[in-house]
Amino acid sequence: MKTCKRLAALAGVLLFGCAVARAEPVKVGIIGPFSGPFSSFGEGWKAAIDAYQKLHGKTAGGQDIELIFRDLTGPNPSEAKALAQELIIKNKVQYIGGVVFTPNAFAIAPVVEEAKIPTVIFNAATSSVLEKSKYFVRTSYTLPQITVPIARFMLDEGVRSVVTMVSDYAPGADAEASFVKTFEAGGGKVIEKVRVPLKTTDFGPFLQRVKGSAPQALFIFFPGGPPSYGVIKAYKDNDLRSTGIRLFGTSEADEKDLPAIGDAALGLESGMFYSGAHDSASNSEFVAALKAVAPAAVANATALEGFDGMAAIYHMIEATKGQRDPDAAMAAIRGFAWESPRGPVRIDPESRHIVQNVYIRKVEKDADGKLFHKEFKTYEQQPDFGRADPK
Amino acid sequence: MADIVADPSRVEPGRWRALIGPELAVVAVGLLAAIVFPDDLGFITRINILSIFTLSIALVVGQAGIGTLGQAALFGAGSYAAALWALHVSAEPFSGLLVGALAGAGVAAASGLLILRTRGLTLIMLSIAFAQVLLEIANKAAFVTGGDDGLADIPVNPILGAVAFDFHGRVGFCYTLAALVVVYFCLRRLIASPFGLTCRGIKGDRLRMRAIGAPVVRHLLCVYAIGGAVAGIAGALSAQTTQVVGLGNLGFELSAEGLVMLSIGGVGHLAGALLGVPTFMIVRHVTATINPYHWLLVIGVLLVVTVLFLPGGLYGMVDKWRRRAGQGGS
């Protein structure tokens, strides 16, 4: 009897489903970590996507847009591939967005290439990702794109000797390589290149060593979270600033982490493509929409990646009027330029990577005593310097 | 199989059924799933691969009592070996499987020399430590392994030069199902043999086995290496069907997940792996599809319920029913 009831309920649900599905909407699959240790990416994206739809509606090119979220908790290529296959074959998506980790992007590349699904990479920041499929577009950044302007800024500031310190994994190596290359080409000297194991949180010994080699500045790259708190706090505790060693960072003091790092972050100089405090009408609109849909959300680089990723997807849907025409969609996105909350951006027609401003910022306190990144110098329209031939 | 041999009445229906019956069941269920869910072949392929991996844990943990939490080291070794073989030597899939199996067995034998001399908690810690060391080596040796970015674009030739891997995953599914059946058959024969009996003997009472003259460590080393070969095959299959290998293939999560799936299915039997993996994966997949944010909760509840109410896992439950039905009939 129970089984009968369940079957009836199931049939009811299916019938209801059929009745509702009249006009076929444009389906967009979003793959990202919505649970587990990296869920801050998924949460940020979800809030930003909701914010985008609040501002721009749930239709584009005259078609309804249906979003399908799929959870991929960490770097797991085989699961990534299976999810992409499922989205394409079973859910019949026209577009895919998301993807945090490079190996996952590598894994879905052959699938989207074969099925011709335009895919907007929200994060996966290794330069070579975009070479894996001509249907890949990226709205995040690459480390060389950020570290090259930082190296130039440090040279402009008269810094000539530096110690680099990065997390010991592929992105760390990328950051180090492009920084060192630019810095040395500009006449600077790299005294020491330190690589710190990924899960290090006690940076005291490392910074003591830096103090010993007495460079003019310390350049760092660490993924967000505990290592970033650790290095910034240790810099203050070991009192490197008073010995004249300046600290230059990249994405360490993310807006989400700033309150936890606290006053130790004051004065930290860094280069990044977005500050939540960026002064523009487009950014105020984004921040307001984000607060409206998710009061706990923070306007940071992660959220912005999702927001601009949606901008790219909407543009492709509009250009094709919602019809399935992957090559026309890709033609439309190549060279597409728009005003993002981070400033003016465009998709480089050849590499399909985002070309954007890189801002040099300093952590300051606003009138309410809240820490923020104050932008004070702009390197305009920076390409991905990680390519052999950056354009 | 072990209890089938112990209970001769069940061999009655015919020798062939005892010989390959369970394999036929796996093929039937696999094909049925593929026919009913033709759009989910990528997912079913993953179940096949993880089933092979979990079979290796069922052999090592369930049969020989080697309480390891580092089985992913062997899976990863197999997948990196198969990937490097395909990238630099030959993209022929069967040779890739062989290389994966050899790598898994080799790494197992080398690490086994150290960890199998210990027992209990020490063994668990050492197995985790060994897997972590291997993970760090793979991370550091970026010029070989691609480090955190992994190895991409792994080429795979058509099987036997004729059947190419397709986008829908049909070939990948058949290929992995065939591998699963062959591995399952071999392992069942293995644990039904005197060798398997000795393994269970060592699991039951190590001291006593030594007293009757069994070379305990050598024996464990042997079964651990075989388990390594099986995990290596699973890793190689993963490398070939995904065409990407990343550090996740060596990660602790994989070892732990394998053990969780085996506990759900039933630790003491090979069939536990084949029941536990699909159950876990399907529950996970369905819940994560319905709610991508909070599905982990359901998995946690499933595990707690299994441990509390089904101490023998799903296999224990099925077996109990079967026995009861058998008694009622006779």
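I started with helix α2(A): at 1.5 Å a residue, its 18 residues should span 26 Å, and the end C-alpha atoms lie 25 Å apart, which agrees. The expected span is 1.5 Å times one less than the number of residues. Helices (H or I, at least four residues) and strands (E, at least two) are DSSP runs, numbered from the N terminus.

Before going on, I noted the conventions. This is a predicted model, in which local features need pLDDT of at least 70 and side-chain atom pairs count only at pLDDT 80 or more, while totals for chains, interfaces and linings use all residues. Residues are numbered from 1 along each chain as its sequence is written, and chains are lettered from A and ligands numbered from 1 in the order in which they are written.

**Entry: α2(A)**

I listed the buried residues of α2(A), among them A:F41, A:W45, A:A48, A:I49 and A:Y52. Buried takes 20 or more other C-beta atoms within 10 Å of a residue's own, exposed 12 or fewer, and partly exposed is in between; C-beta atoms are placed from the backbone. Just after the helix, A:G57 takes a positive phi of about 85°.

**Entry: A:A48**

A:A48 sits in α2, residues 39-56 of chain A. I looked up why A:A48 counts as buried: it has 29 C-beta neighbours inside 10 Å. Leaving out residues up to four places away in sequence, A:A48 touches A:L290, A:A303, A:L304, A:G306 and A:F307. Contact here requires C-beta atoms, placed from the backbone, within 7 Å. I also checked A:E252, 204 residues from A:A48 along the chain; their C-alpha atoms are separated by 21 Å.

**Entry: A:V93**

I found A:V93 in the loop between α3 and β4 (95-98) of chain A. A:V93 counts as buried because it has 24 C-beta neighbours inside 10 Å. The residues that A:V93 touches, not counting those up to four places away in sequence, include A:K27, A:V28, A:G29, A:I68 and A:I117. A:G29 is 64 residues from A:V93 along the chain, with 6.1 Å between the C-alpha atoms.

**Entry: chains A and B**

The contact takes 32 residues from chain A and 28 residues from chain B. On the side of chain A that touches chain B, the elements giving two or more residues are β3 (63-71), α3 (77-90), α4 (102-115) and α6 (170-185). I noted that α3(A) gives the most, with 9 residues.

Notes. Two residues are in contact if their C-beta atoms, placed from the backbone, lie within 7 Å.
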